[in-house]
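Subject: Structure handover

Hello,

Please find the structure below, followed by notes on what was found in it. Could you keep it open while you read?

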Amino acid sequence: MTHELRGRTVAILAADGVERVELDLPRGALYGAGAAVEVLSLHTGSLWAREWDKDPAGTITVDQEVGKASVSDYDALLLPGGTVNPDQLRADPAAVEFVRAFVATGKPVASICHGPWTLAEADVIRGRRLTSWMSIRTDLRNAGAEVVDEEVCIDGQFTTSRSPFDLPAFCAAIVEQFAAVPATA
């Protein structure tokens, strides 16, 4: 086990319908690198997860409601995908404001698949280079992003990937990107 993220706390912002593998694999990589990880959501309790958007994939425990979370408590932010998950997040004012405020800090943000929908809603991707699941690329372009079709795209504080098939490269990239920023004191 490596410890390049020791002393860092990562927020994973997710809602019901999150694509389980897009939360679990990055969370495991972050834990493996020594990070503390907290799942934030629209409500307390647990989230129902999905596999390929349609099949039930159990539940995930929520650590804190996003409306009560402080951006200053986290060193990095992860936005997993699944179609239903980011669609709920982008409709919630507290979630959108958390994302907007987090991006304003300059700290690293990673997102995969449909996750960048919330970034578009927060109006933080204008002029940025991103990738995503193919069906939301027009939405990202309309929000001002330059959209590319790459396994992992890194542009400043943003690290994005297209789909669960990209998870090995995405997990390695987020550990590297999150480690490049000093831990919050």
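A term first: buried means under 20% relative accessible area, exposed means over 50%, and partly exposed is in between, with a 1.4 Å probe and protein chains only. At 40% relative accessibility, W52 is therefore partly exposed. The model is predicted, with local features needing pLDDT of at least 70 and side-chain atom pairs counting only at pLDDT 80 or more, while totals for chains, interfaces and linings use all residues. Residues are numbered from 1 along each chain as its sequence is written, and side-chain values use heavy atoms, with hydrogens and water left out.

Sheets

Helices (H or I, at least four residues) and strands (E, at least two) are DSSP runs, numbered from the N terminus. Two strands pair if DSSP finds at least two bridges between them.

Seven strands make an open sheet with mixed pairing, in the order β6-β3-β1-β7-β8-β12-β11. Its edge strands, β6 (64-65) and β11, each pair on one side only. Within this sheet, β7 and β8 run parallel and are joined by three bridges. L77 has V109 in β8 as its bridge partner.

A further open sheet has three strands, ordered β2-β4-β5, again with mixed pairing. Here β2 (18-19) and β5 (55-61) are at the edges with a single partner strand each, so one side of each has no neighbour in the sheet. β4 (residues 46-51) pairs with β5 in the antiparallel sense over five bridges. R50 stands opposite P56 in β5.

Nonpolar cores

A nonpolar core is a set of buried Ala, Val, Leu, Ile, Met, Phe, Trp, Tyr and Cys residues joined through side-chain atoms within 4.5 Å. The largest one has 31 residues, and L13, L77, F98, L119 and I125 have the most contacts inside it. Two or more residues come from each of β1, β7, α3 (93-105) and α4 (116-121). The largest share, six residues, is that of α3.

Contact means heavy atoms within 4.5 Å. Leaving aside neighbours within four places in sequence, L77 is in contact with A11, L13, F98, V99, F102, P108, V109, A110 and F178. A second, separate core has 27 residues, among them I12, V37, A49 and A57.

Helix α6

The expected span of a helix is 1.5 Å times one less than its number of residues. For the 13 residues of α6 (residues 167-179) this gives 18 Å, which agrees with the 18 Å between its end C-alpha atoms. The buried residues of α6 are L167, F170, C171, A173, I174, V175, Q177 and F178. What do they pack against? Their partners are β1 (9-13), α1 (20-32), β7 (76-79), β8 (109-112), β11 (152-155) and β12 (158-161).

Cysteines

A disulfide is a pair of cysteine sulfur atoms within 2.5 Å. The structure holds zero disulfides. For C153, which is in none, the nearest cysteine sulfur is that of C113, 15 Å away. C171 is likewise in no disulfide, and its nearest cysteine sulfur, also that of C113, is 13 Å away. C153 counts as buried because its relative accessibility is 0%. C171 counts as buried at 10%.

Individual residues

Q157 is in the loop between β11 and β12. At a relative accessible area of 15%, Q157 is buried. A polar atom of the Q157 side chain lies 3.2 Å from the backbone oxygen of V103.

R6 is in the segment before β1 and is exposed, with a relative accessible area of 54%. Leaving aside neighbours within four places in sequence, R6 is in contact with A33 and G34. R6 and A69 are 63 residues apart in sequence and 21 Å apart in space, C-alpha to C-alpha.

Most residues other than glycine have a negative phi. W52, in the loop between β4 and β5, is not a glycine but has a positive phi of about 55 degrees. D123 is not a glycine either, and has a positive phi of about 60 degrees. D123 lies in the loop between α4 and β9 (129-130) and is partly exposed, with a relative accessible area of 45%.

Regards

Methods. Polar contact = N/O pair within 3.5 Å; in protein donor to acceptor, adjacent residues only side chain to side chain.
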